[in-house]
Amino acid sequence: MIRALFVAIIAVIVVSACAPIEKPIDDGGFHPTIFKIRKGDTTKIQFRQLDAVNAIRTASGLSPLELSTQLNAAAKTHSIDMAKQQRPWHFGSDGSSPLDRVARTGYPGQMLGENISETYENDTETLQVWMNDPDARSTILDPKARFFGLSWLQEKNGKIWWTQLTGS
């Protein structure tokens, strides 16, 4: 009897530990779920997104992309700059275009497309949003694309500035 009571108490404690501490606020306002990116997550996130993009491309009969350090660097530069400007757009604070930023990295191919986002969503959710946008989708599914770059800047409040690049 004592053993059964002890097991029941432990089960209640375990189940209650799994429950949320606070109930979500349903006041009609925006309360994002914060996706926190840690320092060591860079490679994991870049390859997870590359794998997802390649699965989409392969299902569409297109060749897979390879990760490019130069495109990653251009994406990082732009994510930082968008955060400084506090607006998601394709031009740098110095007037640079995506073509300019990619050229500055020494990338030997042609920059084909740039997708950007200002969001609290993680990388896979952001990819889903891009796939639902015709322009962003065409960047991801460009048959001439051979290389891929992805980077971001996350602010202390959790907002993430994503930049994804493709090149030939």
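This is a predicted model: local features need pLDDT of at least 70, side-chain atom pairs count only at pLDDT 80 or more; totals for chains, interfaces and linings use all residues.
Me: What kind of crossing does H2 make as it passes H5?

Reply: H2 passes H5 in a right-handed crossing (the near helix is turned clockwise from the far one by less than a right angle). Both labels come from DSSP runs numbered from the N terminus, with at least four residues (H or I) for a helix and at least two (E) for a strand.

Me: OK, at what angle do H2 and H5 pack?

Reply: Helix H5 covers residues 123-131, and H2 covers residues 42-59. The two pack at about 35 degrees, with axes 10 Å apart (lines fitted to C-alpha atoms over the stretch in contact; angles run from 0 to 180 degrees between N-to-C directions).

Me: Which residues make the contact?

Reply: H2 brings Ile45, Arg48, Gln49, Ala52, Val53 and Ile56. From H5 come Asp123, Thr124, Leu127, Trp130 and Met131. Contact means heavy atoms within 4.5 Å.

Me: New topic: in what order do the strands sit in the sheet?

Reply: There are four strands in an open sheet, and the order is S1-S3-S4-S2, with mixed pairing (a pair needs at least two DSSP bridges). S1 (66-67) and S2 (111-119) are at the edges with a single partner strand each, so one side of each has no neighbour in the sheet.

Me: And how many bridges join S3 to S4?

Reply: Eight bridges link S3, residues 147-154, with S4, residues 160-167, and these two strands run antiparallel. Looking at the residues themselves, Ser151 stands opposite Thr163 in S4.

Me: Which strands does H2 touch when it packs on the sheet?

Reply: H2 touches S1, S3 and S4 there. Its direction makes about 135 degrees with that of S3.

Me: Last one: where does Leu62 lie?

Reply: You'll find Leu62 in the loop between H2 and S1.

Me: What does Leu62 touch, leaving out residues up to four places away in sequence?

Reply: Leu62 touches Arg57, Leu141 and Pro143.

How values were computed. Residues are numbered from 1 along each chain as its sequence is written. Side-chain values use heavy atoms; hydrogens and water are left out.
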